[in-house]
Amino acid sequence: MTGLPQSKKISTVRFYAYRMMKRSSDFSILLRSNALFYQFIVDMYAKIEWERLLYVRLNQRTLRVEEYAHLTDAVMNDEFPEIHAVVGSTVYLPCPLSPPSSDDAVALVLWYRLDLANPIYTLDARSVPSEAKHFSSKVLGSRAYFNVSRGASAHIKLEPVEEDDEGEYRCRIDYKRGRTLNRLVKLNVIVPVRNVIIRGVGNITYNGVIGPFTEGERLVLICEAVGGRPVPSVVWRQGKAVLPGSISRNEQGWIRNEIVFDRLRRQDLLTELLCQASNNNFTAPVYSSVTIDLNLKPLTIQITNPPKILTAGDTLEMNCQSEGSKPPSQITWTKSTEDITHLAIHNVYGRISVSSLTLKLTPDDNGKKLICRAQNPHLPESALFDSLNLTVQFTPVLTLVFGASVQSEHIREGSDVYFECNIQANPPVTVVRWRFQSHMLEHAPHVGIVIRNHSLLLHNVTRKNRGVYQCVAENSLGRGKSEEVILRIQHSPVCVPRQQRRYGIAWHWKGNLSCAVEADPNEVSFTWTLNNITVAREEPGIQIQGGSKSVLEYHTVTKTDYGTLLCHATNAIGPMKEPCTMTVVTAGPPPPLQNCLVTNQTTHSLSVSCEPDETSKLPTYHLEMYDMKGEQLVVNITSRREPYFYVHGLPAGSTFIVALYTTTSKGRSETVALTTNTLLSNERNQNPESVNLMNVIILASLAVLGTLTLLAIIAGIIVFRSKGEPAALEAATTETELTEKMPSSKHSFDDSNPYVYHTTDMPTEFVHLTPKSAPDCLYNTLMDTHQKNFESVLCKAHSLSEEDIEVILPPVIDR
């Protein structure tokens, strides 16, 4: 502040305030002592308070002198004393009673206040002098008492003094002998100042610590003294110095003193200003004080300990320090435009703010500016800045994108595809390479691969170019890879490799055939064909990853249903070039052998052949031959190539049952049973005449036997139809069933032969054979339709039921 008187002495408070003031030109160890600084403040405060209490204790007499002031005035001033009294205090108005002569005495004393006509106090000693009577009017009441015991120093005591007691008083003394005397005294009642109010602009009342104000702000303080008579003196003090101000009166007549600080300075922080009002010397002045609080701008800011070399992945630790702000400045960090203050830890040491930043560097930080900003939160325009340019070294960071003219979603076979590898690296890269499906690509224009700088050209792409592409680059710090980019090429459907191509479906059964294709787009329709015949048309496919799939429910009814099916697929690009092939083979037990014949019969050998099973995988054919006379298994032959058997070493002129069946890894087929015989041993040793005679006899016997057999069959059919037995129905439909179930064969065989029976199972051992001859058993079988066992062939009691066996019995013919 300007205009203040200079003094060579200062108070204890001002001395320590000076020591604790922050000055930019002075390095203060005290302010940097942290906890010791706080202890120093506490100790000095205790010292100042102790000195104040000591002053009060040693100046008790001086502080209470007003109690005797009025009495002294009354004694000193004999003629017309003027006494001053403070409202609420005690005053003594003198009235000496000494008579003019020794033989005289006071008879009556009357006290008047000149503004009142009637006495305000009366002392009547006319009757009995030693027993004078006191009378006080309503004006004084019990507050007044006239003390006459002191003679010349007699006085009336007023306690307490009121404001209306001010005026001139007259004491009239009537003596018994002498003349009446009048004593005048003037009482000046002092009304102290009731209160001191400090106001600011806008009639704002201030008290204690005011503010905070802004450094450089204009401050107006007005001190008003409330009440007081006479007019009080109002002054501003800073310490012992009196500050110049402007004195005026307000509307209520109160005295006011106004001081103005044109521009608050940093030195004004915590300055105590005292407004004092006083109108007498008997009471202590009335005062009020304010302490100016300021918001100070930060003076300095600095980023400390910046590292010289920055590498991506390292943790950057640095401090930003700011001084001089009150309250302590708030420090914020920004990286370019990104606020990273949350990564810092903030500490305050007095008016020093320190922010410690911990930042993990990334390649993106290269070239960015790190800014430290310190600002007083209450002073928006007080911000100070310090910055650091980040130069971060890092391994290459790569981004792989398609060329600007390439639409990655609509690339077809035969198109050209461009890739661009965007590289960021510090230091610059030295090597750039390309990868396809984790394999390095080399510059090979003859196969359509062109590598130039940071770009890759694929010329005339095909499905083989589909997959994941990546670019790789190296610098002195290491190697970097781009993200993997999937190249999608639209094409017509192609069969998925390594899918199931062979399906096993049991005879007269259903199965699901699956046809999966790779296609882009994968909206695919399917058509299934078998032998150029459409099985299923335009079935919408089931979308799968990278293509589509069709599932066909396939039912095998005839032998022709087995074989190779073709699966055709079509999408928006077009039909597939090569259909998918699916092979259907039998599953479960193989079908029974078809068109079995006995040929090349001799006295000791014969041949048996059937149609091969082309529906089963790796079939094995079995032949078992049983001697009907000896009732035992005589031959057991297995063939893995074809169902052709040559049997030799048989007894001549014997009758046999031949059981034929097929086995695979999935089971055993139904058994086909045939009856056959070998030729008699003497047929070829007879002379021609005996042979001719024998042939005639045999032919005649066969003719008779054939006629009888035909008659028996006719009779059996009639009986079967008349009785409606199930066995007759089964015999009647045998020929039809065989015709439907057996496809045409390369062998000439009469399917209408009623002597062929197919069995589901064939016993390998035969016991308990009856002694009946074979012709008798066969005849009884044909005539007796109620038999339900295999006795019709072997004449035995325990064998398969009629529902499980079909036997073909060709006529025995001598050859």
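Reader: Which residues do ring pairs link into a cluster?

Author: Ring pairs join Phe402, Phe419, Phe436 and Tyr469 into a cluster. Keep in mind that this is a predicted model. The structure holds 8 aromatic pairs.

Reader: How are the planes of Tyr206 and Phe213 placed?

Author: The general idea is that ring planes over 60 degrees apart count as edge-to-face. For Tyr206 and Phe213 the planes stand at 90 degrees, so the pair is edge-to-face. The ring centres of Tyr206 and Phe213 are 6.2 Å apart.

Reader: Are Tyr206 and Phe213 buried or exposed?

Author: Both Tyr206 and Phe213 are buried.

Reader: Now the sheet. In what order do the 5 strands lie?

Author: In general, strands of a sheet pair through backbone hydrogen bonds, and the pairing is either parallel or antiparallel. Here the order is E12-E19-E18-E14-E15, in an open sheet with mixed pairing. At the edges are strand E12 (208-214) and strand E15 (241-243), each of which pairs on one side only. From one strand to the next, the twist averages 35 degrees.

Reader: In which sense do E14 and E15 pair, and over how many bridges?

Author: Strand E14, residues 233-238, pairs with E15 in the antiparallel sense, over 3 bridges.

Reader: On to charged residues. How many salt bridges does the count come to?

Author: The idea is a side-chain nitrogen of Lys or Arg within 4 Å of a carboxyl oxygen of Asp or Glu. By this rule the count comes to 23 salt bridges. One of them joins Glu323 and Arg32, with the closest N and O atoms 3.5 Å apart.

Reader: Where in the chain are Glu323 and Arg32?

Author: They sit in distant parts of the chain, 291 residues apart. Glu323 belongs to strand E22 (residues 315-323), while Arg32 lies in the loop between helix H1 (12-19) and helix H2 (35-58).

Reader: Why is Glu323 called buried, and why does Arg32 count as partly exposed?

Author: Buried means under 20% relative accessible area, exposed means over 50%, and partly exposed falls in between. Glu323 has a relative accessible area of 16%, so it is buried. Arg32 is at 30%, and therefore counts as partly exposed.

Reader: What does the salt bridge between Asp520 and Arg488 look like?

Author: Their side chains meet at 2.4 Å, N to O. This pair also links distant parts of the chain, 32 residues apart: Asp520 is in strand E40 (residues 510-520), and Arg488 is in the loop between strand E37 (485-487) and strand E38 (491-495). Asp520 is buried, at 10% relative accessible area, whereas Arg488 is partly exposed, at 32%.

Reader: What is the N to O distance for Lys157 and Glu159?

Author: The side chains of Lys157 and Glu159 form a salt bridge at 3.3 Å, N to O. Lys157 is partly exposed, with a relative accessible area of 29%. Glu159 is partly exposed too, at 40%.

Reader: Which residues are linked in a network of salt bridges?

Author: Arg199, Glu224, Arg256 and Glu258 are linked in such a network.

Reader: Last, the surface. Which residues form a nonpolar patch there?

Author: Phe80, Leu114 and Leu184 form a nonpolar patch on the surface, with about 250 Å² of accessible area together. Leu114 lies in the loop between strand E3 (106-113) and strand E4 (121-124). Its relative accessible area is 45%, so Leu114 is partly exposed.

Note on methods:
Residues are numbered from 1 along each chain as its sequence is written. This is a predicted model: local features need pLDDT of at least 70, side-chain atom pairs count only at pLDDT 80 or more; totals for chains, interfaces and linings use all residues. Side-chain values use heavy atoms; hydrogens and water are left out. Two strands pair if DSSP finds at least two bridges between them. Helices (H or I, at least four residues) and strands (E, at least two) are DSSP runs, numbered from the N terminus. Axes are lines fitted to C-alpha atoms, for helices over the stretch in contact, and angles run from 0 to 180 degrees between N-to-C directions. Patches are made of residues with over 30% relative accessible area and no salt bridge: like charges are joined within 9 Å, nonpolar side chains (Val, Leu, Ile, Met, Phe, Trp, Tyr) within 5 Å. Accessible areas come from the Shrake-Rupley method with a 1.4 Å probe; for residues, only the protein chains shown count as cover. Buried means under 20% relative accessible area, exposed over 50%, partly exposed in between (1.4 Å probe, protein chains only). Rings of Phe, Tyr and Trp (its six-membered ring) pair if their centres lie within 6.5 Å; planes under 30 degrees apart count as stacked, over 60 as edge-to-face and the rest as tilted.
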